[in-house]
Amino acid sequence: MSDRGFTLIEMLIAVAVSALLLVTTYGIVTSVSRTRDRLVKEGEGFHLARVICERLSRELRGAYYSADTAASRFAGGTDEDGRPFLELATTASTPASGGSGIVVVRYLLAEDESNSKVLLRDEYPLYSQPADDRPLRRLAGGIEELQLRFRRGAEWQPQWRSDEMAGLPDLVEVSLTIKADDRLLPFQTAIELAPLQKSL
């Protein structure tokens, strides 16, 4: 039986092969981890877009307008500062409004203190205090872009004012861009307003 051990060259080869295997394994694990993190962020972005679109759909389908009630106006597009906004009276109230029945809902995409864009929202009863006296609350961050278009008949309009257009649009197109890390995820949906609400 031989007592001969490993030579220095054999040891170096074994160490080199082990190091190569470890580096390859680390690269695979890091790549899988990065992919998993990206998919999680994208999943959160998809979930956020779905929640916002479902909420807007519910409120838009319950849109209420009466020429005799100034507070029931429907307005959307961009404000004087170029910020996307939407304001409407709707029958789709939530417990946050402090009551039930018809409420006014306002959305605004604005920048916060860190120059990140956030979606702001407010809701209050239709016959409550004026909207100008109420601050909007943060609804969601990570919204890079919000665009609204409105249609009645054959043409799309970038702005809508119920007092100028004599009522509600038939269709509202909502385009959202969600920021997920360094990727921008676009979403788009078109929401038809409920016909029975238009003549109220």
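Select Phe-74, Phe-150 and Trp-160 in this predicted model: ring pairs link the three into a cluster. Within the cluster, look at Phe-150 and Trp-160. Phe-150 is buried, with 0% relative accessibility, and Trp-160 is also buried, at 1%. Their ring centres lie 6.4 Å apart and their planes make 45 degrees, so the pair counts as tilted. Colour by secondary structure next: Phe-150 belongs to strand E7 (residues 143–152) and Trp-160 to strand E9 (residues 160–161), so this contact ties together parts ten residues apart in sequence.

Now select Arg-149 and Trp-156. The charged end of Arg-149 sits over the ring of Trp-156, 4.5 Å from the ring centre.

The count of aromatic pairs comes to three. For another of them, go to Phe-46 and Phe-187, which are edge-to-face, with 5.1 Å from centre to centre and 85 degrees between the planes.

Turn to the charged side chains, where the salt bridges number twelve. Select Arg-138 and Asp-112, whose side chains meet in a salt bridge at 3.7 Å, N to O. Arg-138 lies in strand E6 (residues 137–141), while Asp-112 is in the loop between strand E4 (103–111) and strand E5 (117–125), so the bridge ties together parts 26 residues apart in sequence. Arg-138 is exposed, with a relative accessible area of 54%.

Step to Arg-137. Its salt bridge is with Asp-122, and the closest N and O atoms are 3.6 Å apart. Here strand E6 holds Arg-137 and strand E5 holds Asp-122, so parts 15 residues apart in sequence are tied together. Arg-137 is exposed at 54% relative accessible area, but Asp-122 is buried at 1%. Then select Arg-55, Glu-59, Arg-121 and Glu-123, which salt bridges with shared partners join into one network.

The last stop is Arg-83 with Asp-79. Their side chains form a salt bridge of 3.0 Å, N to O. Arg-83, at 30%, counts as partly exposed.

Methods
Residues are numbered from 1 along each chain as its sequence is written. This is a predicted model: local features need pLDDT of at least 70, side-chain atom pairs count only at pLDDT 80 or more; totals for chains, interfaces and linings use all residues. Side-chain values use heavy atoms; hydrogens and water are left out. A salt bridge is a side-chain nitrogen of Lys or Arg within 4 Å of a carboxyl oxygen of Asp or Glu. Buried means under 20% relative accessible area, exposed over 50%, partly exposed in between (1.4 Å probe, protein chains only). Helices (H or I, at least four residues) and strands (E, at least two) are DSSP runs, numbered from the N terminus. Rings of Phe, Tyr and Trp (its six-membered ring) pair if their centres lie within 6.5 Å; planes under 30 degrees apart count as stacked, over 60 as edge-to-face and the rest as tilted. A charge sits over a ring if NZ of Lys or CZ of Arg is within 6 Å of the ring centre and within 35 degrees of the ring normal.
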